[in-house]
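I opened a new notebook page for this structure. My entries follow in the order I looked things up.

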Amino acid sequence: MQTKQETKDIKIVPIFDQMANPKIWSDFTRLEMLCDTVKYGYRTGDDDRNRIFASHMYDWTHERYNFAFVAYDEKAMVGFANGFLENRSEMYLRNLYVDPQYNGLGIGKRLLEQSERTANLIVPSMSVISLNGAISFYEGRGYESPDNRYMLKKLPHNIVGVVPVFKNMLGGMRAKMMAPYDKQAVRQCVNQPVFVYVTADREIDAVGIRMPDKEIKIWTNEHKHGMVDFYKNQLLKAFEKVK
């Protein structure tokens, strides 16, 4: 287990293609059952394991605009957050779990922040059905509970920098597209990593995609003189993290 001084070594990584490595779902299931037992006192067994695994598989194959972020301590998954588009105004945070041994290191906060940044590309709010033991965590991060454990947060318009895009969200994003990207290429690579650079003016000034042959293509807003190289470098750094 890492100390608080070493939390910078815990990487938060977007998972663009869960089907490529179904072990992802096994790790999701393991962490969810561990937290339900250790943190929340729920008794779990083989039936729960099968049900939880199947639900992760179902979400990936059936839900629209689903997303997932994972926290890794070297090669060990120590936390994850995932969710999907609930309706035209909400992204639903399906799960957020952190290995109890890593509590207090800010991993849950980092996972939530990354999820909110992605959600805010296409909808103005994030919702979650919180376990009783986690309500204070969400309340401390701006979520309000109008009905029992259902909690909702209006997302601020403060996205600046590189944001991952999941399952071809580009067509539905609220930010104004300023980079003339190749839409057909992106559609053909729906499960390949896609990143965008969002400015303070809520404009997308760069789009990057990794092709199946590992080539990285980047399109930028050529009218932003002096910024094109900066956008390219920022996107390339993002791709380096998801090798």
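I began with C189, which is buried, since its relative accessible area is 6%; buried means under 20% relative accessible area, exposed over 50%, and partly exposed in between (1.4 Å probe, protein chains only). I then looked up C35 and found that it counts as buried at 0% relative accessibility.

I noted the ground rules. This is a predicted model, where local features need pLDDT of at least 70, side-chain atom pairs count only at pLDDT 80 or more, and totals for chains, interfaces and linings use all residues. Residues are numbered from 1 along each chain as its sequence is written, and side-chain values use heavy atoms, with hydrogens and water left out.

I looked for disulfides (pairs of cysteine sulfur atoms within 2.5 Å) and the structure holds zero.

For secondary structure, I recorded six helices and twelve strands in the protein chain; these are DSSP runs numbered from the N terminus, with helices being H or I of at least four residues and strands E of at least two. The protein chain is as compact as a globular protein of its length, because its radius of gyration is 18 Å, close to the 18 Å that the globule rule gives for 243 residues. That radius is taken over C-alpha atoms, and the rule is 2.2 Å times the number of residues to the power 0.38. The C-alpha trace spans about 55 × 40 × 40 Å along its principal axes.

I also checked burial over the protein chain: buried residues make up 49% of the 243. Of the contacts (heavy atoms within 4.5 Å) with a separation of 6 or more, 65% are between residues 24 or more positions apart.
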